[in-house]
Amino acid sequence: MKKILTVGYYADFSRFFNKIRLETLNISADYTYFHINLHLSGYLYSLAHGQRSVYLPVASSKLQFEKNEGRNIDLNRFIQYHVTLNPDIDQTKLLQQAAKYFNYFEKLLNDYDPDLIIVSGDSRMPVEILQFLAKTHSIKILHFEQAPLGRTVLDSNGVNANCSCRNLSTIDINGIEDSDEIKPYKEIKWSGYKKYRLIDVLIEKFLPFLQPIEHVRPKRKTVETELYQRLRLSHFPGKEGSTQRVYLLVLQVPDDVNMIYHSPYFSNHYEIVKAVHHALPDNSVLIVREHPLYKQLYEPSLYSYINDNENIYFDCSKNLFDAMNSADVVVVNNSTVGLESIEIGKPVVILGNAYYDQFPLCYKFNGDNLEKVLTDAASEPTEDELLRRKKCLVYLFNHYFIPGHFRDLNGPAPGFIAKWICNNVH
C-alpha cells in the first residue's frame with residue numbers, strides 16, 4: 001500500500017486533494033491518503049466528506065512541548081515569513097508553535113511513512129518545516145499552486161520564483177511549432193468554499209484568540225475616504241492621440257509570499273510606486289492599479305504620493321484586461337499578472353523575482369538603472385523575440401502547467417495528478 005500525505009489551507013484545498021484521492025482510487029486501490037488542514041474551514045470540509053485528515057493546530061497541541069535538544073536545528077529559520085510580514089508578532093509563541101509542528105511532523109513521518117508528500121506552496125511555517133523534514137527522511141515532495149488561465153503548478157522545486165521552469169534551459173521549445181497556440185481552458189468554478197471560508201473570517205474578526213499564531217496578520221487601516229475618492233475621480237483621461245507612453249503598475253497583496261521572499265529590492269508598495277515614477281522615461285505617465293482585495297488598504301504614503309505628483313494616476317478600469325490592454329508597458333513586482341500580460345502581447349517589467357522573469361519580452365530589474373529597464377521595455381520587439389515568447393508560453397501552458405484549476409467544479413487537474421501518482425509512486 002502506497003501512502004500519500006497532502007497539506008492544504010481552506011475547504012477548496014481539501015476538496016481538491018480529496019478529488020485527487022478519489023481519482024487515484026479509481027485507477028488503483030493500492031493507495032491511501034492522509035490530509036493535513038492548516039485552517040479550520042478545511043478540516044470541517046474534510047469531516048463532512050469522509051476525508052481522513054487532521055486540523056494541524058489541534059493535532060500538534062496534543063503532543064507535549066519538547067525542546068529540539070541534540071538536533072542542532074534553529075527553529076528561527078521556519079518563522080521568517082511570519083516575522084517579516086508582522087514584525088509585532090510574539091516570536092516566543094511563534095517558536096513554540098514551530099516546535100509543536102516540528103515534533104508532530106517528525107512523529108507523523110515516522111509513523112505514517114509516506115511515499116509522497118504534496119504541499120500547498122513552499123513557504124509559511126508548517127510547510128517549511130515539513131519540507132525540511134521530508135528532505136531529512138528522503139521523501140519526495142511536490143509543491144502545488146494555482147497558475148494563470150485556469151492551470152495548476154505541481155513542481156518538485158517549489159512554486160513562484162522557485163519553479164523549475166524559471167531556468168529556461170529546462171524548457172524545450174524545439175518541438176513547439178510556429179503555428180501552435182495556447183490551448184484554451186475554461187471551467188465552472190466551485191463556489192461552495194465560501195460558506196466554509198466564512199468560519200475562518202468570523203474567527204479572525206470576532207474570536208481572534210482561537211487563531212493559531214501563524215494565521216495572525218497585521219492590521220491594516222483604510223486610507224482617508226476623501227483622499228481616496230479624489231484619486232478615483234482624477235483618473236488618467238486616456239492618450240487620445242498623444243505620443244505619451246502609458247506604464248501600468250499592478251500592485252499585489254502585501255501579505256503575499258512574493259512580497260516577503262521574492263522581492264529583493266522593495267519591501268512595500270509605496271517604495272515601488274515612488275521608484276517607478278521617478279524612473280519614468282520622458283513623455284510617459286504611470287497608472288497604478290490596486291489589487292481587488294486591497295483597495296484603499298495600502299500605505300497612506302502611497303495614496304498621498306499619487307495625489308501630490310504629476311504624471312501618475314489611479315486606475316479605475318472595470319477589469320484588469322482593459323487596464324493591461326490600454327497600456328504600452330505593464331510593470332509588476334512579481335505577480336502572475338505579468339505572465340498574463342505577456343500572454344496578450346504586452347512587454348513586462350519585473351521588479352522582483354518570478355518564474356517567468358527570463359522569458360522574452362520580460363525586462364528584469366536587477367537593482368540598477370530602472371529608467372533604462374523601463375525605456376527598453378517600450379522598444380519595438382523583433383520578430384524573433386515575438387516568436388520565442390510565443391513558444392515559451394505555449395510550452396508553459398500546454399506542457400508544464402497541468403490543465404485545470406483547483407477550484408474547478410469538475411475540472412481535469414485531479415485526474416491528471418492521480419495518473420501521475422499511479423505512474424510514478426509504485
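Does Phe-16 count as buried or exposed, and at what relative accessibility? I started here, with a predicted model open on the screen. Phe-16 comes out at 1% relative accessibility, so I noted it as buried, the cut-off being under 20%.

**Entry 1: aromatic pairs**

I looked up the ring partner of Phe-16 next. Its ring and that of Phe-406 have centres 6.3 Å apart and planes at 85 degrees, so I wrote the pair down as edge-to-face. Phe-16 belongs to helix α1, while Phe-406 lies in the loop between β13 and α16, 390 residues apart. Phe-406 is buried too, with a relative accessible area of 3%.

I then turned to Tyr-45 and Trp-190, another edge-to-face pair, with 5.8 Å from centre to centre and 75 degrees between the planes. This one also links distant parts of the chain: Tyr-45 sits in helix α2 and Trp-190 in the loop between β6 and α7, 145 residues apart. I found Tyr-45 buried at 6%, and Trp-190 counts as buried at 14%.

Back at Phe-16, I traced one aromatic cluster that holds Tyr-9, Tyr-10, Phe-13, Phe-16, Phe-17, Phe-144 and Phe-406. The count of aromatic pairs comes to 32.

**Entry 2: charges over rings**

I checked Arg-407 and found its charged end over the ring of Tyr-193, 4.0 Å from the centre. Lys-205 lies over the face of Phe-206, at 5.9 Å from the ring centre.

**Entry 3: two helices**

How far apart are the end C-alpha atoms of helix α16? I read 16 Å, which agrees with the 16 Å that its 12 residues should span at 1.5 Å a residue. Its buried residues include Ile-417, Ala-418 and Ile-421. I saw the buried residues of α16 pack against α1 and several strands, among them β1, β2 and β4.

Helix α6 has 12 residues and reaches 17 Å, close to the expected 16 Å. Among its buried residues I listed Met-125, Ile-129 and Leu-133. Ser-138 follows α6 and has a positive phi, near 55 degrees.

**Entry 4: the sheet**

I followed an open sheet of 6 strands in the order β9-β8-β7-β10-β11-β12, with parallel pairing. β9 and β12 stand at the edges with a single partner strand each, so one side of each has no neighbour in the sheet. Neighbouring strands are turned by 25 degrees against each other on average.

I counted 3 bridges joining β11 to β12, and Ile-350 stands opposite Lys-364 in β12. Helix α10 packs on the sheet, touching β7, β8, β9 and β10, and its direction makes about 165 degrees with that of β8. Helix α11 lies across β8 and β9, at about 120 degrees to β9.

Notes
Residues are numbered from 1 along each chain as its sequence is written. This is a predicted model: local features need pLDDT of at least 70, side-chain atom pairs count only at pLDDT 80 or more; totals for chains, interfaces and linings use all residues. Side-chain values use heavy atoms; hydrogens and water are left out. Two strands pair if DSSP finds at least two bridges between them. Helices (H or I, at least four residues) and strands (E, at least two) are DSSP runs, numbered from the N terminus. Axes are lines fitted to C-alpha atoms, for helices over the stretch in contact, and angles run from 0 to 180 degrees between N-to-C directions. Contact means heavy atoms within 4.5 Å. The expected span of a helix is 1.5 Å times one less than its number of residues. Buried means under 20% relative accessible area, exposed over 50%, partly exposed in between (1.4 Å probe, protein chains only). Rings of Phe, Tyr and Trp (its six-membered ring) pair if their centres lie within 6.5 Å; planes under 30 degrees apart count as stacked, over 60 as edge-to-face and the rest as tilted. A charge sits over a ring if NZ of Lys or CZ of Arg is within 6 Å of the ring centre and within 35 degrees of the ring normal.
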